[in-house]
Amino acid sequence: MRRVPSLELRGVVAGYGATTVLSGVDLRVEAGEVVGLIGPNGAGKSTVIGVASRVVPFRAGEVFVAGAPLASYGRRALARRLAVVPQGAALPDGFTVKEVVQMGRTPYAGLFGAPGPGDEGEIERAMERTDTWRFAARPVESLSGGERQRVVLARALAQRPDVLLLDEPTSHLDLRYQVEALALARQAARDGLAAVVVLHDLNQAAQACDRLVLLAEGVVVAAGVAEVVLDGGLLSSAYGIRVDVWPGPRGPVVVPRV
Amino acid sequence: MPLLVSTGALLLTVVFAAGIGTVHVPPGGVLAAIGRGLAQTIGAAAPGDGATRVADTIVWQIRLPRVVLAATVGAALALAGAAFQGVFRNPLADPYLLGAASGAGFAAAAAMVYGAGLPLLGGWGVPVAAFVGAAATVVVVVALARRGWSVPVVPLILAGVVIGSSLSAGTSFVLLAAREQAVGILSWLLGSLTFASWDRLAVAAPLVLVAAVVLLACARGLNVLQLGETSAAQLGVPVEALKVAVVAAATLATAAAVSMAGVIGFVGLVVPHAVRLALGPDHVRLLPVAAIWGAAFLVLADLVARTVISPVELPVGVVTALVGAPFFLALLRRRMSA
């Protein structure tokens, strides 16, 4: 028997206004795996995340979360299943780290937004997971970029989702924090979540993800393990430049010709 | 904790302000008069005589309605300002951003000049016109800005500014066309608590209370909204419903305040801003504390307005602007240097 995927897109067509960004995208992510979404700017990577989290409507195709159609979820029910770490997430000044993580419990809040039972435990757990507990009381504007990224991830984990969508979690971070962000995605997958990570660095994607999905101009050009997707010819045509791929000790190494 | 301290400060301010005027009543006398006033209202006591009766009349019949109305209006404006600043994620928003003041001003001016049929409403012609003017303007602005079921923020603010300017132009026209009534209209536009009475309070206070309950229910949603509308939606917040509820409740509070006291500026801008700087952006604390300090601020401003060049009264809006502007500039400077 096949496992029910945590997130599945079938032939999704979506866009903004008159422009079509996705023209028939398939994606299937199971619990415990990290899937890397790669492709040039404008290929539709962020739109995939928008469609899955229902902030971008889709015109055709089907989306399933934990086997049920996206439309069958209420707002709060969806936020309990699926959490997003947005790209370059800005955090509002003045809130403490803990207050921001607490916002991850919004889909569980009771009447008048009163904290739900078990909130405190979930917040603590998410903050320990991301090593943000140490600076729980600090105002978010005093954090470094890497610390901020971890706080946003903690907020997403506090939602207790089955699916975690990370939109360029490594942008604006130095090497060490990039590695840390990807390690946290891996850890989440080990905890049983399905993770989708949008990445620009293809070598990083090859190392950090179980499977890669290469998007170009709104369609999936290739999907599978890094050795299959990171092909010189495929990448060259997707990005419109000459790309060499060499075998390395830990998977393929992508070298664009400058 | 800040809530308790603020409430205490407000009560002291009310007792203090109710004692000051042409006839001075010490705080103990004010409290005694309030006690007797309450007892008589519920029929538990007969009116006193002599000096007691004079003090009772001054405190209970004249000053206290005015002080409590000032507190209600101040609370309503500060609450509405804090709510608009939260929902638009802009610290420079104020209760009049969507045209409530211009709508109320135009309707009130028109009622004063052309309102021949309004005597039917007794003394309520101008307040009712102002309330309807304020609320109708915001409804029109929201209707102009909406796209289907959503109300995007930038078109909303633009529509508010445009409709507001048109209505202000209309008010100017009414002012010029009816010169002999211009002073009356102008002093209404600048805000005044002269017409305070328990009857007016009995209408305004419940409206403000309803608005306050709705806004407090929205407080946590407003916090999450500070992450941006997309992130809030992804966290399960019904963003569009939240925006409409906040705008509607804040408009109800604003319209109630404006209809009772005219257009009083700066309270709704400065007080929430100052409280946010002091307490942080958490709306669960910010909204009630801002309401309380808005109340205290307007009680004190009205005290200044009616005593500083007594027996002549300054429009209270002039006092709030005179005090508010330098205070606001000082806050901004401090914030920029921090």
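Val208(B) counts as buried because its relative accessibility is 9%, where buried means under 20% relative accessible area, exposed over 50%, and partly exposed in between (1.4 Å probe, protein chains only). The structure is a predicted model, in which local features need pLDDT of at least 70 and side-chain atom pairs count only at pLDDT 80 or more, whereas totals for chains, interfaces and linings use all residues. Residues are numbered from 1 along each chain as its sequence is written, chains are lettered from A and ligands numbered from 1 in the order in which they are written, and side-chain values use heavy atoms, with hydrogens and water left out.

Val208(B) is placed in helix α8 (residues 198-217) of chain B, helices (H or I, at least four residues) and strands (E, at least two) being DSSP runs numbered from the N terminus. Apart from residues up to four places away in sequence, Val208(B) touches Thr72(B), Ala76(B) and Ala256(B), a contact being heavy atoms within 4.5 Å. Although 135 residues separate Val208(B) from Val73(B) in sequence, their C-alpha atoms are 8.4 Å apart in space.

The packing of α3(B) was examined next. Two packed helices are described by the angle between their axes and the distance between the axes; the axes are lines fitted to C-alpha atoms, for helices over the stretch in contact, and the angles run from 0 to 180 degrees between N-to-C directions. For α3(B) and helix α13 (residues 283-307) of chain B, the angle is about 140° and the axes are 6 Å apart. The two helices α3(B) and α13(B) are therefore oblique to each other, since angles under 35 degrees count as roughly parallel, over 145 as roughly antiparallel, 65 to 115 as roughly perpendicular and the rest as oblique. The residues of this contact comprise 15 nonpolar, four polar and four charged, with Ala, Val, Leu, Ile, Met, Phe, Trp, Tyr, Cys and Pro counted as nonpolar, Asp, Glu, Lys and Arg as charged, and the others, Gly among them, as polar.

The axes of α3(B) and helix α12 (residues 267-279) of chain B come within 7 Å and cross at roughly 65°, so α3(B) is roughly perpendicular to α12(B). The residues of this contact divide into seven nonpolar, six polar and one charged; on the α3(B) side they include Gly74(B) and Leu77(B), and on the α12(B) side Val267(B) and Pro272(B).

Several local backbone features were also found. Ser310(B) and Pro311(B) are joined by a cis peptide bond, with omega about 10°, and Pro311(B) is placed in the loop between α13 and α14 (316-337) of chain B. In chain A, Asp131(A) has a positive phi of about 55° although it is not a glycine, and with a relative accessible area of 39% Asp131(A) is partly exposed. Glu168(A), likewise not a glycine, has a positive phi of about 45°, but Glu168(A) counts as buried at 13% relative accessibility.
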